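User: Could you take me through this structure slowly, setting each term against its definition as we go?

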Amino acid sequence: MSTSAQQIENLIGKNYKQGFVTDLETESFAPGLDEVVVRKLSAIKKEPAFMLEYRLKALRHWMTMKTPEWAFVKFKPIDYQAISYYSAPKKKEDGPKSLDEVDPELLDTYKKLGIPLDEQERLAGVAVDAVFDSVSVATTFKGKLKEAGVIFCPMSEALQEYPELVEQYLGSVVPHTDNFFAALNAAVFSDGSFVYIPEGVRCPMELSTYFRINAANTGQFERTLIIADEGSHVSYLEGCTAPMRDENQLHAAVVELIALENAEIKYSTVQNWYPGDKTGKGGIYNFVTKRADCRGDNSKVSWTQVETGSAITWKYPSCILRGNNSIGEFYSVALTNNYQQADTGTKMIHIGENTSSTIISKGISAGKAQNTYRGLVKVLKSAKNARNYTQCDSLLVGDRCGAHTFPYIEIKQPSAQVEHEATTSKISEDQLFFCQQRGLSPEDAVSMIVNGFCKEVFKELPMEFAVEAQALLGISLEGSVG
Amino acid sequence: MAAQRNQYFTEYQELHEEFPGQNLPWLNQHRKVALARFSELGFPSSRDEEWRYINFSQVEKKVFLPKPVESTDQVDRTAVVSYFVDDCFNLVFLNGRFSTQLSDISELPENIFLCSMKKALQQFPEQVSEYFAKATENEDHGFIHFNTAWFTDGWVLKLPENTQLDKPLHIIHVATDSDVLAATRNIAVVGENARADLLESYVSLTTDAYLTTAVNEIFIGKNAQVSFCKLQNENGKALHYSGTYVKQEKQAHFIHESFSFGGQTSRNEVHTDLGQASECELNGLYLGRKKQVLDNHTRIHHRLPDAISRETYKGILDQRARGIFQGRVIVHKDAQKTDSEMNNRNLLLSEDAEADTKPQLEIYADDVKCAHGVTVGQLDETSIFYLQTRCIDKQAAENMLTFAFANEMVDKIKQNQFRKLVLEQLLTHFPQMEMRKEWVL
């Protein structure tokens, strides 16, 4: 390769630095999906009988469903029989007992991604569960968490050790009949994180799961379940990356949060799946169902998301505000560049009295991307004095992109107060000129202005994430100016 | 449901020979295509995204058929005349057919062309074909196809360049009988620099259910101005669909004001296609009581640069009423410097009322200024308290504030005679009947 070609290659590589592939021996299923596959999956995971039943029920229901088409995204139909539904790094007989036994290749991968699994190396006290393709490879700080009574483990482990908890809560927020991708996930999910915070406990550290897709032709279907018992508090972070490939890969996760009386859950996501290249080739289809149930009075759930990756993002982290005085929050930054498409937003369903919700959504669209906010605020008759404030701002960078706002507001209670505001604008020439006059390059100026635009959301993110998110925005916007 | 659809189909074969323009192949082709499409789609149901909050199933429970009024003597002439507006050309349609005897357009200047659709299709079919279905060609839902197939009459207005309607035109749609279908198709062509003020009102002389479907196509030439006010004041059982489809040339100006007070289930659609540097203003007020469902649907296409759109719809919903607002603004990629604002405000006065709103922005150009805002709530307690401290009892204070909320929309009407008419109707329909008229004066 000539030097100049090499340089160009480097430049492109810089755009998505997590795009490498880890060479590992893996154990995968042949592509295809039927009852046999589901049974085999369940058997490998040594799951309790109720789980297999649940999976089969979900699969049978999924077979009767059609891919939804209402979203503002375009993609070729997915051949669900061409996907492999299980892929895992080949492991020794019993699986690793401690980090020393984990494949060094794997540890290297996470190191490259900046997620050290070595507990000593962690700067802040963040416990990490690393999910590689379909399985969880390591969970840190388990011991320390156990002392506090917190359960933080891979879903497969939870199914064996705490089956009664899983059985009680799994599917209680997102039933297997909920939607096409949730049904698919319920049938074939391979792993994910399970968190249980007991009554009155404030989780001593941030919990974090790092998802990595590595193998080709597989889908990633993880399932996260977080239960915050009465009066507890937890902050949970989620990050994700994938290699650069020309084919599209499907990621269909389900996240369920349950907050009981006086409990609080803060869920932050920095989604950086591979977005595809400049011509729109490849990238992850990120079709995710995330929903929180504020079951108890005075409970609170806060979703914060920074969406920069994925060829297509299609997700609506939602809150069911069932308990009286419960609070739902949604802070989102969604950035799309090149040919990326995002249809994202939230649903706030007010059921309990004095429930309140806040929605702050910032959409940035550059290149030839399409960015849609779609949100529902529904106030049922029982939700006396419900309160909602929604603000959706869109920023357009370049004249070939689209920014769309589709809010749905359904109010059945006269004492409810609902406000919705939306604006769309572009970066003003004056602002750009001012920054350039002060010696900033056009790219830095855009990045700075965009960061300012998103500030309201970034301040909701935990520290390290906020830094990462800002850097990510800068990288994702590269090449969108001029 | 399909049975009813089939019945419409069978009845059509029997009745269509009476419909205007049977000798015109181009129109027959339109009707044929529309009928075929209608038999596929049926009337819209809440499964369609654009119709998700409204339920028109009543339309399918019965078969509504055109019923000409045999002779004007059967109609209460004074009742019809009572709907006339002073200082206007009053045009009367009975059950979807033009009534020469009742209409009063004798003073119309000669250079202005106004006649019934039936007559226009007999005398100037080429001119009609130039515009017919041109503003609705991309529409594809049951009601539009139903209207194309079934319309029995309508009006055609043509204003040449640089002319002006010196008096406003008032089109009165009267329904006289139960189970009637009043389907009209109307066209207005307003030439360059011309100016027209129109008012259409929908009223009932019956207390039974019937179905209105009206489609207006309005073509506004360069630099021309059209103001179009709609007052839907039908009886509490009436089913109403009306769509106004507008095409605006460069710098054309269009104002639409919609007042939905009556009807059981009513759908009001206003769609406009803006030209370069053109402007539109869409305003509306919907007042629901009992089990009324009032649906307002607007769509504004910004296809070319420098256009401005403003939109304000307000709803007051009492008892078990449901008010719906769906507004969509689409800014196409060449529509730089677009300036668009949309507002929807709703007042819920009862525990059982419901407001559903769906403002949408779809933007493909970057140098634009677009905003929308929505509020749903009840009267401001501090305002009520303030009035109470001024010795106004609570009920009166609430009435006053509710009236002020509604009156803002009435105040926007520029033609005095229209404003007076709408205000009178607003007061009679007002949820609080004891509303004192003194406030208004």
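Analyst: In chain B, residues 24 or more positions apart account for 83% of the contacts with a separation of 6 or more, where two residues are in contact if their C-beta atoms, placed from the backbone, lie within 7 Å. This is a predicted model, in which local features need pLDDT of at least 70, side-chain atom pairs count only at pLDDT 80 or more, and totals for chains, interfaces and linings use all residues. Residues are numbered from 1 along each chain as its sequence is written, while chains are lettered from A and ligands numbered from 1 in the order in which they are written.

User: What makes the radius of gyration of chain B agree with that of a compact globule?

Analyst: The radius is taken over C-alpha atoms, and the globule rule is 2.2 Å times the number of residues to the power 0.38. With 441 residues the rule gives a value near 22 Å, and chain B has 21 Å, so the two agree. The C-alpha atoms of chain B fill a box of roughly 70 × 55 × 45 Å along the principal axes.

User: Why is strand β11 of chain B called largely enclosed?

Analyst: A residue is buried if 20 or more other C-beta atoms, placed from the backbone, lie within 10 Å of its own, exposed if 12 or fewer, and partly exposed in between. Six of the eight residues of β11(B), residues 253-260, are buried, and therefore the strand is largely enclosed by the rest of the structure. Across chain B, 51% of the 441 residues count as buried.

User: Which strands pair with β11(B), and how do you know that they pair?

Analyst: Strands here are DSSP runs of E with at least two residues, helices are runs of H or I with at least four, and both are numbered from the N terminus. Two strands pair if DSSP finds at least two bridges between them. Strand β9(B), residues 225-232, is joined to β11(B) by eight bridges in the parallel sense, with S227(B) opposite I255(B). Eight bridges also link β11(B) to β13(B), residues 279-288, again in parallel, and there F254(B) has C280(B) as its bridge partner.

User: Where does chain B touch chain A?

Analyst: In this contact, 32 residues of chain B meet 29 residues of chain A. On the side of chain B, the elements that give two or more residues are β18 (354-363) and β19 (369-377), and β18(B) supplies the largest share, 10 residues. Strand β23 of chain A, residues 402-411, runs antiparallel to β18(B) and is joined to it by six bridges, with T405(A) partnered by L361(B).
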